Every structure is written in C-alpha cells, then in structure tokens.
Amino acid sequence: MKVVLSWLREFCPTDLPADELAEALTAVGVKVEEILRPWDGLSGVVVAEVLEVADHPDSDKLCVTRVRTTNGEATVVAGVRNMEAGDLVPYAPPGSRVPLLPDPLEVRSLRGVESEGMLCSPRELNVADVHTGIMVLPSDSPLGADVGERFGLADAVLDIEIEPNRPDLMSVIGVAREASAVTGVPLTIPDAGVSEGEEPATDVARVEVVDLERCPYYLARVIRGVGLGESPVTAQARLTAAGMRPISNVVDATNYILLEVGHPLHPFDLSLLDGASIIVRRAEEGEELTTLDGVIRSLTGEDLLIADRSRGVAVAGVMGSAAAEVSQATTDVLLESAYFQPGGILRTARRLGLSTEASMRFERGADPEAVAFAAGRAAHLIAEWSGGTVLAGAAEAGSVSPRRHVSVRPQRASAVLGTGELTGPEVGRRLASVGFVVQDRDDVVDAEVPSFRVDVQCEIDLIEEIVRVDRGYERIGATLPEVRQPGGMPPPYAFRRRLRELLVRQGLAEVRSLSFASAADLDLMGDPPDRAIRLANPLSAEEGSLRTRLTPGLLRALQHNQARNVLTARVFEVGTVFRAGAPVDEVEKVGFAITGPASHGWSDPDRELDFFDARGIVEVVLEGLGVRDWTLGEPAPMPFHPGRSATVTVAGRHAGLVGELHPRVAADWDLSGRVAIAVLAVEALRSGVDPDVAYAEVPRFPPARRDLAFIVREDVPAGDLRSALLDAGGEVTGSVELFDVFAGGPIPEGKRNLAFSVDFRVPDRTLTDDEVDEAVARIATRLAADFGAELRG
Amino acid sequence: MEPAEALRILDEELENGRALAAAAADLAALDRAQTAALGRKSRYSQVQKSLGGLAPDDRRSVGKRANEVREELDAALDARRAELQAVAESGLLAADRVDVSLPGRRRPLGSLHPLTITEYAIVDVFTRMGFRVAEGPEIETDWYNFTALNIPPDHPARSMKDSLFVDVEGHPDLLLRTETSAVQIHTMEEQQPPVYIVSPGRVYRRETLDATHSAVFHQIEGLAVDEGITFADLKGTLEAFAKALFGPDQRVRFSPSYFPFVEPGAQVDVSCFKCAGTGCRTCGNGWIEMLGAGMVHPAVLENVGYDPERYTGFAFGMGLERVAMIRYGIPDIRLFFEGDVRFLEQFVSAG
C-alpha cells in the first residue's frame with residue numbers, strides 16, 4: 001500500500017519528517033518498506049498561459065509557443081501541439097527542475113530556435129503516466145503560481161507492507177489512525193460533506209439483497225447529471241503515486257475513496273441497469289458475465305452476483321462487467337457501497353484467479369461502518385468533479401452489524417508478556433490510543449472493537465495491541481525459560497549426521513538437489529509413472545513429479561561440473577524420495593556419485609575413478625557405521641553397467657546398490673568417462689548397525705605372514721575364493737589381504753592370478769613353521785577342490 | 001730388534017699413520033690406511049711381534065710406547081672416519097633432496113553443504129539450551145500445514161504463499177509443507193508439555209527459481225510450550241541464540257508482525273555483524289531481518305488439546321538459506337542447489 005504523505009497529513013497533521021514517521025510506524029507493526037519521493041527535484045515550474053502556437057520553421061514535429069507568466073513572456077519549443085492559445089500549462093523556465101530530468105533547465109537551441117525551458121507533460125511532473133501531450137491545467141489556476149505547491153506535488157510516499165490480518169491499513173485514513181496513535185497528533189476525519197438535491201434516491205433506484213448472509217449490507221447512492229472528464233490534478237497525482245491509473249472523474253472518485261477510506265466502491269451507469277434495479281443474488285450455475293478485463297467468466301452457484309432485472313452486472317466485490325460500465329455517454333450514476341462476507345469473496349476471487357483492489361479488501365474484511373461514509377464521500381467528489389447532483393438519501397438493504405466486545409484480563413496480559421504487573425487503567429489507556437472504547441476495572445477490561453479492526457476477535461488479540469502500541473516490544477525484558485529436560489537429537493537425526501560425517505571423511509562434497517523429477521528422470525530409473533507422486537500444480541513439466549530416486553539429481557550435479565570443465569567430482573546427498581504408497585511413502589536415501597581423474601597431482605599415477613572407488617567408500621562407510629553384516633549380489637538393473645554393478649544387502653534386507661552408470665546412459669547425459677554411484681536406504685543401514693563396540697585384546701605375538709598366489713579361472717569371483725580361504729585356514733587365519741590381481745604373460749589363457757597376503761596367528765604364542773605349513777596345505781587343498789585353484793610355488 | 005730401533009719405528013709409524021689417515025680421501029682409502037698402519041703386515045705389528053725377544057725392562061718400555069702409539073693412531077683414524085662419514089652422508093642426503101615447494105600428496109577433504117553446516121550450528125545452539133530435535137514429513141495434510149496452525153480454509157494468509165499440491169487420488173488435502181511449523185502440531189499431538197523442540201527441514205512454495213527464490217528451501221523452527229512461558233522468555237532465548245551464532249556483541253530487535261499461529265507476533269532483526277550495526281551494504285540500516293516469532297496462538301494450543309489457560313508457549317522460525325547467505329555472503333540462492341564443487345569446497349573449514 002502506497003500512502004501519499006501529504007494526503008495522510010490531511011487526517012493526521014503531524015509535521016514529523018517522512019523517515020521519522022516511517023520508523024515510528026514500523027515500530028508498531030505498520031511496516032514501511034520504502035520511502036518513495038516522486039516529486040523530489042520539482043521546483044520552479046509555474047502556471048503559464050499559452051499565447052500562440054506556431055509552426056517551427058525547420059521541423060514538422062516541433063512547434064514554437066509563446067507563453068506568458070507573471071514574469072513576462074517566453075518562447076518555448078515543444079514536441080507536441082495539443083495545447084491552444086488561452087490554455088494554461090505547466091512551464092519550466094530556465095533554472096527550474098522537473099523530477100524526471102537530472103539537471104536544471106537551460107536556454108537551449110532546438111533546430112535554430114532558442115527555447116527558454118520547456119512545457120511539461122503529466123509524466124514529467126509525475127502526475128499521471130501520460131506523455132502524449134502537454135498537460136493542460138484547470139482554467140482557474142492562477143497565472144505564475146508554483147505548480148508543485150498549487151497541486152500538492154510534494155512530500156514523500158510511504159510504501160507499506162500489508163499483513164493479511166490488517167485490511168484497515170489498506171487506506172490513507174487507516175495509516176493516519178496509526179500515525180495519530182504514535183505521534184499523539186489527533187485524528188481529524190471530516191464528515192462526508194455531501195450536499196444533496198431534493199429528489200430521493202429511492203425514487204430512481206431500487207436495491208434488493210436476496211442473500212443477506214453473503215451481503216449483509218448494500219447501499220446505493222445516485223448522482224445525476226454527471227459529465228465525464230478528467231479529475232483534478234491533485235487527485236490524479238495522488239492516484240498515480242499510489243499505483244493507480246487516472247481514468248475519468250467518476251471512476252477516479254471511487255478509486256480515490258478506495259485509497260482514502262479503504263472501502264471499495266463501484267459506479268454503474270444507471271440508465272444501463274434494467275429496471276434501475278440492483279439485485280444481489282447468487283449466480284446461476286454456469287451463468288456467464290464479461291468482466292471489465294474483457295474475459296468471459298463462467299460463474300457457479302457459490303459466486304455472489306450483482307445483477308439488474310435481467311442479467312449480472314458485476315461479480316460482487318471482485319470486478320464489474322462491461323454491461324453497465326460508466327462511459328462518456330453516462331449522465332446518471334448509481335454508486336455501489338456494500339459490505340460482503342469475506343470468505344465468499346475470497347473463494348470467488350481465488351476460483352476466478354482474480355485479485356483486485358476490491359477483492360483484496362473484501363476478502364480480508366472491510367469495515368461495515370465505512371459503507372455509508374465512503375458512499376457519501378465519493379458521491380460528493382463525483383458531484384464536485386463532474387458537475388452532477390447527489391440525490392437525497394440512498395437505496396439500501398440489510399444493516400450494519402453491531403460492534404464486537406472483547407475483554408482482556410490485565411493479569412493475563414502480564415503473564416503472557418512477562419512484563420511487570422499491568423493495571424486496568426494502563427491497559428485501557430493503551431487500547432484507547434488505537435480506537436478501542438474501553439471500560440476498565442483492575443481484573444478485566446472490556447473493549448468495544450472498532451468496526452475496522454476485523455483482526456481483533458479474542459483476548460490474545462488485545463494483548464497484542466497492548467504490547468504493540470507504545471513500542472512495547474522493545475520494552476519487554478529478556479529472560480530464559482527454565483528448561484527441565486536435556487536437549488538432544490532423536491536417533492534417526494543423529495544417525496544421518498554420522499552418515500554425512502563419514503562420507504565427508506571419504507572426501508565427498510555434500511550436495512542438495514531439488515526434490516522434483518521429470519518424466520525423463522522416472523523413465524531413466526525404470527519407474528512407471530504411477531510409482532511417482534505427481535504434483536497437482538507444478539511450475540513446469542520438468543518438475544512434474546516428486547523424485548523417486550536420488551540418482552538423477554546426483555547425475556545433474558556431475559553434469560553441471562563437467563560442463564564447467566571440473567572433471568573430478570565426488571558428491572553425495574542425504575535426502576527424501578517419494579513414492580506412491582499408502583498414500584505416500586517418504587523414504588530417506590543416501591547416495592553418492594564420483595567421476596573423473598582420481599589423481600591428485602604430479603606424483604600420482606593417472607587413473608579414473610571407478611566401481612572400486614565407489615565400493616571402497618561403501619565398505620569404509622559401512623564399517624564406520626558399525627554395519628558388519630552386508631553382501632553384494634546380482635548386477636543392478638538399468639541405468640547401471642551390467643558388469644560393473646551389484647545390489648547391496650544389509651542384514652538380509654535389500655538396501656540399495658553400487659555400480660557404474662551404463663555407458664549408453666552416460667552418453668545420453670553428456671557425461672564423459674566412468675561414473676560410479678551408490679545409493680542406499682538410510683533406514684536399512686540404521687537397522688543393520690551392530691551397536692556393540694567392545695575391546696578385543698591387541699595381538700601380543702607377531703603373526704606368520706605368507707603370500708599365497710593362486711591361478712584360477714577368470715570367472716571365479718575373488719570374493720568367493722577369499723571366503724573359502726578364510727574358512728579353510730581355520731581359526732589360525734587372521735587377516736587376509738588381496739594384494740595382486742593379474743592375467744596374461746605366464747598365466748594361461750582364461751585364467752588369472754590372485755595373490756593374497758595372509759597373517760596366521762594364535763593369541764598366546766608364535767606359530768611354528770609346521771603349523772603354518774599345515775594351514776596353507778589345508779587352504780590349497782580346499783581351493784583346488786572347490787575352484788580348481790592352483791597354488792603357485 | 002733393538003729397543004732403540006723399535007722405538008724409532010714406532011715414532012715413524014705414528015707419523016706415517018697420521019699422514020695416511022689425513023690423506024685418505026674416502027672411507028675405503030681410510031680402511032687401507034688403517035691396514036697399512038696397524039694391520040698384520042704393518043711395521044707396527046712387527047714391533048709388537050718383536051716384544052717377546054726383549055729384556056723385561058725394555059719390553060715394558062717399548063710395549064707401553066706401542067700402546068700409546070696405537071691409541072693415538074686409533075684416535076686419528078676414528079676422527080678421520082667421522083669426518084669422511086659426515087661427508088659421505090651429506091652426499092647421500094644431497095642426492096636425496098626434493099623440491100619442498102612441490103605440492104603435497106593430498107587426500108580429498110570432503111565438505112558438508114553450507115545449509116547443513118548452518119543447520120547444525122543452529123541445532124547445536126538450541127540442543128545445548130535443552131531443546132530436542134523433532135522432524136516431520138514433507139508431504140502434509142491440510143490440517144497440519146494450515147488448519148491446526150490457525151489458518152482455516154478461508155483465511156487470507158493461505159493466498160500469501162502459493163502451495164504445491166500433490167495429485168494423489170482420494171487425498172485432495174495433501175500438499176508439500178509450506179512451513180516446518182507442521183512439526184509443532186505433530187509433536188504436541190503426541191506428547192504433553194513441557195515441549196521444547198527445534199525442527200529443521202525442507203519446505204516448498206510455488207515459486208519460480210531466481211536469485212532470491214526457490215520452490216525448494218529449508219527452514220528451522222523452534223517451539224517451547226510449558227507453564228509460565230512468556231514473551232520475555234522468547235526475547236531472552238533468541239538473544240542468547242543470536243549471540244551464540246553470530247558473536248557476543250549481537251543485539252536483537254523485535255517489532256510487531258503477523259503470523260496466524262502466533263500472537264503477539266514479531267519480526268526479529270539481528271544487528272548486522274558486518275558493520276556492527278552502523279549500516280552498510282549488507283544490511284542498509286544496521287539491522288538484518290532474520291526470524292519470525294511470537295507467542296503460540298491459544299487457538300493452536302486448543303487444536304492439539306492443550307489448555308491455553310494453563311500453558312503458554314513461544315515459537316520462532318527462520319530460513320536456513322537466508323541465514324547461510326548472510327553468514328557467508330552468498331549472493332544467489334541457486335548456488336545451493338547446483339552441486340558445483342567449486343562452490344561446495346569453499347565450506348570445508350566452515351563451522
């Protein structure tokens with residue numbers, strides 16, 4: 001809400017400068033976001049009379065005007081020639097300033113004619129966003145008068161953030177009330193000031209409200225004999241500064257009151273209303289109406305309609321229709337002022353996707369007591385600006401609801417706020433300062449809620465008022481609650497922290513991907529569309545569903561890095577994926593993806609990150625978590641490499657997978673080189689944790705170390721050989737490390753050499769050579785029998 | 001051999017031996033010098049062998065002299081050996097020299113995401129104050145996300161934030177949570193006061209991605225409900241938080257604001273830590289808008305079956321992205337979600 005300060009000062013004549021007033025208002029919750037100064041730099045522009053408009057000798061477009069002020073005559077070159085001799089115009093002589101130009105005006109030669117300053121358009125004076133002609137001023141403007149002073153083109157504009165509970169602040173008077181409370185300068189609201197003709201409005205217009213629940217009060221004023229034209233310069237300037245476009249005197253008057261009082265009004269052309277009647281009723285199901293924005297709206301039985309005898313003329317409280325719009329032909333105006341039930345307006349506006357100045361106010365709650373005042377004031381302005389006559393009284397239906405009473409216990413207020421004891425009179429004083437009518441006792445204060453304060457419904461609302469005014473927030477002390485419990489983290493949260501820490505220790509960088517998935521993402525992972533949770537109102541098709549997997553997000557991160565020539569990337573994510581379930585399953589996953597050169601510089605051999613780097617990370621992380629019971633199984637499905645991937649089982653449960661991305665998929669994603677990925681279900685890991693950590697004696701006797709190399713068929717998994725080796729060696733077999741794998745050379749075709757370094761030991765002594773030989777023999781026999789493995793001598 | 005002859009030879013060999021030791025250019029030459037001076041075939045050995053043929057007095061005097069010469073020669077040879085060893089070692093070390101300005105062999109350091117770091121820093125402050133971490137689902141029902149939080153269906157606050165709804169047949173009331181506040185309701189439904197929780201989590205709004213908006217972002221929210229909780233407690237708690245997170249000189253400022261689930265509601269600004277509150281490019285006027293807060297609305301307590309006459313509470317919440325952007329001077333929210341390792345690695349030392 002943009003509030004022109006000179007306008008506000010009409011109701012609260014404070015002389016505080018804009019920045020001090022803004023600070024004081026913000027401190028009581030009227031948040032001034034910005035102070036605008038549209039007329040900064042306007043000086044010395046005066047009212048001048050056009051004496052003559054002549055052709056420019058050397059230009060078709062330009063013209064040469066002679067103007068007269070109280071200081072004499074001047075010649076000014078203009079780019080347009082909408083003005084005529086006798087018109088009064090804003091003249092900016094040399095040395096004067098206009099807001100839109102950085103420098104003062106000078107005498108300047110325009111195609112050989114000396115121009116002494118310029119004539120101003122409405123836009124150059126920030127009166128209206130019109131730049132098609134020179135502004136023509138009212139004929140009663142005094143010659144030589146300062147244009148800024150004469151038309152109120154001065155002072156700042158406060159841009160105020162409106163919270164949805166305070167629709168009363170969506171008006172100049174509403175903000176003036178708060179300004180009055182913070183400055184102590186009394187609020188001066190004039191009465192409507194309307195002078196009426198003799199003819200009663202009820203003779204020429206009828207109002208009937210069918211749905212009194214949705215429209216408790218409807219009032220129509222009639223203004224006859226209007227002549228459409230421009231509204232006064234000051235009004236135009238204020239509308240423009242508040243962000244509205246001046247249209248015509250009749251429409252501008254209603255908008256002016258909308259801004260000033262905060263109550264939306266709507267003018268109809270009385271002659272276009274069938275039967276000169278207003279009927280407020282629900283729309284028929286499917287009833288159509290073309291709103292003023294030119295869109296055909298199909299209504300439902302839930303929508304409230306303003307109709308005449310034959311058709312709808314406005315969507316109540318939201319937008320009018322072209323059917324009874326005021327136009328140049330209009331002579332008689334029916335002016336609507338009503339109170340609509342907020343929920344109904346909200347639902348209709350939301351369903352139609354329309355948010356207007358009117359709907360924003362009605363849906364938050366208008367002031368029922370402002371209905372008559374706003375109508376009277378607007379009728380007065382219409383008559384004044386357009387030359388019409390306001391008919392006596394108003395056609396009306398329904399009634400204004402009585403004011404609410406809410407009470408507050410001062411002792412309760414003190415207890416909630418943590419301040420010293422508040423007394424009844426003190427509470428009463430603070431409430432009265434913002435318009436409540438109070439009756440205070442020490443134990444309870446009764447407050448009659450002003451009709452514009454729709455937000456005040458119960459005791460806590462009054463407690464907020466008590467602390468809001470007088471900068472109470474700043475004055476409350478600071479204490480700490482007596483917390484009688486130890487703080488901490490639930491196990492799943494602590495486990496996730498541990499998981500992240502272990503992944504970081506492995507040199508991975510944590511990423512956070514967006515939670516959305518495209519159809520292509522689902523397809524990539526082989527998820528049928530009905531497995532995913534679709535969004536009802538996605539921002540784009542790429543974000544049409546929620547992610548079912550972490551993999552696409554991890555791949556996007558790698559893609560982002562490779563595309564920027566960052567070749568080595570190691571990233572991980574811990575996050576939620578979503579799947580159709582009962583009705584929705586949220587599953588927490590941990591995943592990582594690595595790609596690029598493994599080397600860290602000049603001294604490392606060149607090598608690419610691959611499956612074994614990923615597997616190594618999985619091994620170490622599981623070890624660090626205390627997950628001991630895990631195995632690798634079958635290759636993982638697409639999009640993984642069938643020969644370089646495996647599913648992971650933890651404590652007998654499927655937990656996820658580790659593997660390289662299928663090269664075809666990598667190519668589709670523009671990823672070069674190998675990409676190794678692992679994704680595991682966090683809960684599967686957590687339930688696989690063996691929590692027991694107990695000391696085992698550190699060996700006191702040295703082991704006997706033997707290197708055992710086996711030649712075995714290529715398709716024998718090294719893991720199987722290792723398991724059999726451990727088993728056959730028996731309890732004297734300590735650690736087993738596979739230190740070499742090779743094929744070719746002296747090794748026969750189709751076979752490979754697997755070399756293990758095996759430590760043999762018992763806890764209480766050093767083994768003899770014979771005992772070790774015996775164990776080696778057992779191993780050799782078993783591996784020969786099970787795998788046809790040949791122990792090399 | 002005459003004793004006089006023997007003594008002369010010993011003197012000569014002492015001189016000779018010293019000269020040989022001094023002349024030895026390396027350890028091998030020194031070994032040869034030792035053999036020549038003291039070896040079995042040396043003249044010194046001949047003197048020793050001749051001792052048996054001397055008269056007892058002569059044998060004593062020549063023998064004594066022979067021992068003296070041997071000690072002196074041993075000393076000379078040892079000294080020279082030490083010199084030569086030092087030379088040899090320094091040669092080896094020189095050959096083994098490296099360019100220490102070459103970079104070291106590094107293992108990748110790994111890094112937590114700046115949002116995680118920020119979340120942990122905040123969580124740790126509050127858990128030390130006795131708060132417990134509580135979490136909830138990202139897909140919520142209308143009740144938890146809105147209605148129970150005092151935002152009934154026709155409430156204008158609903159149009160403030162454009163929600164993302166999920167399309168699940170038979171469940172039109174499901175949506176992606178717009179605030180972590182829903183966790184408050186879950187927690188209070190499940191337990192009786194006292195409640196002291198802090199809940200970090202991912203939230204969603206229907207917003208197009210740009211430098212300051214993202215449809216996915218993160219919040220952290222706190223809730224305290226107990227007998228006798230006051231607005232002053234809220235102020236004290238957040239002041240303590242600000243000092244713990246941003247430094248002991250931090251100040252906080254409360255001004256009235258509106259959130260449907262708290263009343264009185266407040267906007268909480270912290271003094272700018274860049275300029276210490278004097279006003280700069282980061283803050284403008286010395287204050288940085290950081291949290292929303294307030295006293296839990298009695299309607300919310302009623303919605304979870306708490307007696308609002310007996311219990312009062314406060315709640316506060318903040319955006320993790322905003323806190324992280326301010327802490328680290330990050331200009332664009334999109335950086336959090338792109339996974340650029342050049343961005344992520346900047347936070348290896350962040351705490």
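Visitor: In which loop does Pro194(B) lie?
Guide: Keep in mind that this is a predicted model. A cis peptide bond joins Pro193(B) and Pro194(B), with omega about 0 degrees. Most peptide bonds are trans. As for the place, Pro194(B) sits in the loop between helix 8 (182-190) and strand 5 (195-204) of chain B.

Visitor: What is omega for the cis peptide bond that joins Ala582(A) and Pro583(A)?
Guide: Look in the loop between strand 31 (569-580) and strand 32 (584-595) of chain A, where Pro583(A) lies. The bond joining Ala582(A) to Pro583(A) is cis, and its omega is about -10 degrees.

Visitor: Asp155(A) has a positive phi; is Asp155(A) buried, exposed or partly exposed?
Guide: Its phi is about 75 degrees, although Asp155(A) is not a glycine. Find it in the loop between helix 3 (147-150) and strand 10 (157-161) of chain A.

Visitor: Over in chain B, which side of helix 2 do its buried residues take, the same side or opposite sides?
Guide: The buried ones in helix 2 of chain B are Leu30(B), Ala33(B), Gln34(B) and Ala37(B). They cover an arc of only 105 degrees around the axis, which puts them on the same side of helix 2 of chain B. In general, an α-helix has 3.6 residues a turn, so residues three or four places apart point the same way. The cover over the buried residues of helix 2 of chain B includes helix 1 (3-23), helix 3 (43-50) and helix 4 (56-95) of chain B, and the answer on sides is: the same side.

Visitor: How are helix 1 and helix 3 of chain B oriented, roughly antiparallel or roughly parallel?
Guide: Their axes come within 9 Å and cross at roughly 150 degrees. The contact brings Ala6(B), Ile9(B), Leu10(B) and Glu13(B) of helix 1 together with Arg43(B), Tyr44(B), Val47(B) and Ser50(B) of helix 3. Helix 1 of chain B passes helix 3 of chain B in a left-handed crossing. Angles over 145 degrees count as roughly antiparallel, so that's the word for helix 1 and helix 3 of chain B: roughly antiparallel.

Visitor: What about helix 21 and helix 22 of chain A, oblique or roughly antiparallel?
Guide: Helix 21 (residues 718-729) and helix 22 (residues 769-787) of chain A pack at about 140 degrees, with axes 8 Å apart. Residues in the contact include Leu721(A) and Leu725(A) of helix 21 and Ile779(A) and Leu783(A) of helix 22. The crossing of helix 21 of chain A past helix 22 of chain A is right-handed. Roughly antiparallel takes an angle over 145 degrees, so helix 21 and helix 22 of chain A are oblique.

Visitor: Which residue is 5.6 Å from Phe316(B), C-alpha to C-alpha?
Guide: Start in strand 10 (residues 312-319) of chain B, where Phe316(B) lies. Phe316(B) is buried, with 24 other C-beta atoms within 10 Å, and among the residues it touches are Leu234(B), Leu238(B) and Leu291(B). The one you want is 24 residues apart from Phe316(B) in sequence but 5.6 Å apart in space: Gly292(B).

How values were computed:
Residues numbered from 1 in each chain as written. Chains lettered and ligands numbered in written order. Predicted model: local features only at pLDDT ≥ 70, side-chain atom pairs only at ≥ 80, totals over all residues. Buried ≥ 20, exposed ≤ 12 C-beta atoms within 10 Å, placed from the backbone. Helix = DSSP H or I, 4+ residues; strand = E, 2+ residues; numbered from the N terminus. Arc of directions from axis to C-beta. Contact = placed C-beta atoms within 7 Å. Axes fitted to C-alpha atoms, helices over the stretch in contact; angles between N-to-C directions. Parallel < 35°, antiparallel > 145°, perpendicular 65-115°, else oblique. Left-handed = near helix turned anticlockwise from the far one by under 90°.
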